[in-house]
Amino acid sequence: MIKVIRTAAAHTGLLAALIVGPRAACADPVVVVQDGTARVAIHASPELMADDQRPPDNALAATAERHRRRLRESVRDLSIYLERIGGAPIPVRTEPPRSDDSTIPILVGRPAEVRFQPIANPTEFRQAFRVVVSPTGIGLLGETDEAASYAVYELLDELGCRWHMPGELGELVPRRATIAFPERDVTIVPRTASRNIWYADDAYRRRNRLGGFAYSAGHALEGYVTKEQLERHPEWNAEIGGTRALHRCDVGYRICWANAEVAGAVADTIIANLDKNPATPCVSISPGDGVDFCECAQCKELDTGDWDASLNCVSITDRYIHFCNRVAERVVARHPNVKLGFLAYVQFTRPPLREKLHPALIPQLAPITYCRAHTVDDGNCSSRQTLRGILEGWGKACRNMAMYEYAYHLAEVSAPCPMIARNVRELPLQYANGVTMWTPETLPSFDTGLPGLWLGIRMAWSADADPTAILDEFHADFYGAASSAMRAYWDAVDGAWTTVPEHAGSCFGYMSRFTPDRLADLRQRMDAALASCVTVPEYRRVTLANQSLRQFERFMAMRRDYFAGRFRNLEDDARRWTGIHQGLAGEYENNFAFTKTNWASQTVSVVYADAFCFQSYNEAAHLSREYDILAPIVTTWTHAEDKEKRGEELGWHAPDFDDSAWKKTDVASDTWADLGLFDYYGTVWYRRSIDIASIPAGKKVLLWVGATDGRCKVFVNGRHVPFIGSDGKQLAEAESYCRPFSFDVTTAVRPGANSIALACARTAQNELGTGGLLGPVVIGSKK
């Protein structure tokens with residue numbers, strides 16, 4: 001028998017095994033089913049196969065019960081799928097094999113340990129499992145019941161079982177007259193310690209061996225210090241805006257990281273919690289969400305001056321790691337096995353330059369302020385290239401690292417977005433740089449992102465696998481006769497993301513990314529795929545992608561109407577789109593498609609559309625009904641950055657100002673990211689002349705701005721036009737995000753040419769790469 005120890009890889013290329021025992025002569029495979037007759041029975045303990053037990057309060061016992069249930073369901077799956085593959089019922093027995101039984105026992109869990117001995121050497125994250133195949137018995141065991149579950153699916157994976165997406169639509173089960181396994185004794189340690197996606201059912205997670213080490217890095221830090229403590233020790237509070245006081249965040253109040261007493265207080269709370277639940281594997285010390293942190297001199301002295309261009313500020317990573325190291329040293333002295341997770345996020349995304357991480361610290365790189373469309377080797381995307389250096393820097397700084405990438409297009413998820421090239425090129429790089437935990441943020445979006453999600457799941461288990469081979473197998477198995485056409489479709493979609501030099505999030509770059517010609521090409525490819533289908537499952541799978549594309553075509557039709565000034569039907573179209581999307585989410589709920597969640601009454605796609613588009617669309621529709629449009633809508637402007645904040649002083653608002661040297665932009669298709677302003681926090685001026693043939697006497701005239709990112713100050717014919725808020729107060733400028741504004745320009749406009757100047761400033765953190773004008777500008781008079 002061959003006895004090996006190896007790290008996991010894919011059957012789409014299992015890693016070359018490290019042979020630690022003598023290689024046996026080639027033996028006949030062990031036959032499990034032959035010509036429809038079972039030659040095996042599954043044996044598991046009665047304790048394992050018992051009904052669900054009420055989860056105990058003790059964390060260790062609760063984890064053990066969860067793992068037991070997982071292995072129990074894995075045993076049931078083994079019986080079900082071996083029968084489906086070979087056509088013979090496979091019994092599950094809770095008593096030991098009898099000596100006179102002619103069947104070969106498949107021993108799972110504890111019975112396998114009794115027959116073959118437990119795994120000898122414990123691993124750091126308790127993920128190792130063992131598969132023993134011999135003529136006298138098959139053993140499936142692990143360091144935990146969860147790890148033993150991996151052994152079950154190692155065999156089913158070897159037979160070709162695949163669960164590409166949740167629900168029966170994603171299932172692939174081959175048929176074989178004979179099922180046989182090569183003789184072996186292998187102990188396998190997964191390449192990653194933790195593998196998770198946010199939305200899928202338990203069966204899908206189990207069958208794809210998601211799970212593992214219970215890594216934790218959610219926003220939590222400030223919650224370890226009470227308000228009463230901060231009131232007793234005001235020096236523990238963060239100093240923000242010149243005041244050291246209570247500054248609220250989502251999990252508590254901001255604290256001073258330079259203060260050693262604060263680190264001690266945080267550590268003591270964590271220790272007290274661990275004393276109650278000592279088996280807790282990982283505790284988060286990630287700060288609460290936001291970008292406001294202590295500004296005191298002591299904290300700033302801990303910074304290195306490393307500049308974070310994405311947030312236009314000095315990186316505060318070294319001061320944060322200095323604080324984390326203090327916490328870790330104190331916690332680990334009492335609980336040596338615990339890990340402390342934290343987000344490498346916002347101002348502490350960049351790797352430390354001075355501080356060395358305590359071995360118990362596990363960062364989770366969460367590059368929220370960086371481009372998500374391109375790949376790190378794209379020479380035209382400086383944002384993604386910078387991210388590569390950040391990844392490599394963290395890889396040098398720590399033993400273990402989690403990777404928190406967005407596995408969808410942030411803030412607009414109706415567009416197909418498979419993230420194929422990004423995963424093909426970047427996942428191997430991540431694993432080469434110390435990523436041991438694959439922890440992406442995902443949505444129930446298997447309709448728009450299936451190829452990339454599947455590739456991520458497979459490579460998280462098998463980090464050294466060939467990504468191209470994984471995709472080859474996926475297309476052939478999942479789409480069958482339509483595989484060539486669907487691969488062409490998904491590759492064309494992926495090209496829309498990776499080849500267009502647009503870096504913004506949400507829908508703001510779609511007019512350049514998804515042009516009418518590109519959408520027509522995608523439609524042609526999809527229709528070819530539908531026509532290629534032979535079987536019902538093939539047609540249903542392609543239909544899912546087609547439904548998704550149809551919905552996106554409707555979305556883009558609204559987008560084009562909005563920027564073309566065809567406003568009248570936008571409100572009705574948005575309502576209809578919402579209804580269709582909600583219906584599709586219900587139809588494909590079991591497949592975790594179309595972004596239905598349990599935390600929102602509407603799908604996430606609809607929530608995003610409402611937030612970023614539909615408020616402007618609805619008001620535009622009302623505008624078209626209640627106002628006469630006096631001039632063609634405006635999307636094209638000359639523009640210039642006001643980095644020195646001297647635009648008004650230099651007369652940039654004046655009608656006679658010469659802007660001939662300024663660059664031109666079309667806000668329908670150009671975002672600040674597209675203009676090279678992805679990291680710019682400041683003001684951009686927009687200028688142009690608008691001709692108005694006539695102005696109705698006695699009618700109110702409005703200048704309507706479809707949407708902005710930040711502040712907008714309006715000048716008409718050189719005259720400043722204030723903004724009147726909903727409370728009737730007069731303001732120098734309007735300020736919001738993705739909301740329409742109206743300015744009363746009745747006394748400022750005139751027949752003929754009108755000079756319009758807008759000073760638009762982005763003032764807050766924005767992970768979408770937008771800024772300035774986000775919508776058309778319209779001048780209309782009340783009907």
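Predicted model: local features only at pLDDT ≥ 70, side-chain atom pairs only at ≥ 80, totals over all residues.
Local features require pLDDT of at least 70 and side-chain atom pairs pLDDT 80 or more, while totals for chains, interfaces and linings use all residues. Residues are numbered from 1 along each chain as its sequence is written, and side-chain values use heavy atoms, without hydrogens and water.

Helices (H or I, at least four residues) and strands (E, at least two) are DSSP runs numbered from the N terminus. Helix α8 comprises 18 residues, 317-334. Buried residues (under 20% relative accessible area, 1.4 Å probe, protein chains only) of α8 include Tyr320, Ile321, Phe323 and Val327. The buried residues of α8 pack against α6, α7, β23, β24 and α9, contact meaning heavy atoms within 4.5 Å.

An open sheet of four strands has the order β27-β40-β31-β37 and antiparallel pairing, where pairing requires at least two DSSP bridges between two strands. Its edge strands, β27 (627-629) and β37 (741-744), each pair on one side only. Strands β31 (701-705) and β37 are joined by four bridges; tryptophan 704 has serine 742 as its bridge partner in β37.

No disulfide (cysteine sulfur atoms within 2.5 Å) was found in a search of the whole structure. For cysteine 249, the nearest cysteine sulfur, in cysteine 294, is 13 Å away. Cysteine 249 counts as buried because its relative accessibility is 9%. The sulfur of cysteine 760 is 3.9 Å from that of cysteine 712, too far for a bond.

How values were computed: Expected span 1.5 Å × (residues − 1). Buried < 20%, exposed > 50% of the residue type's maximum accessible area, 1.4 Å probe, protein only.
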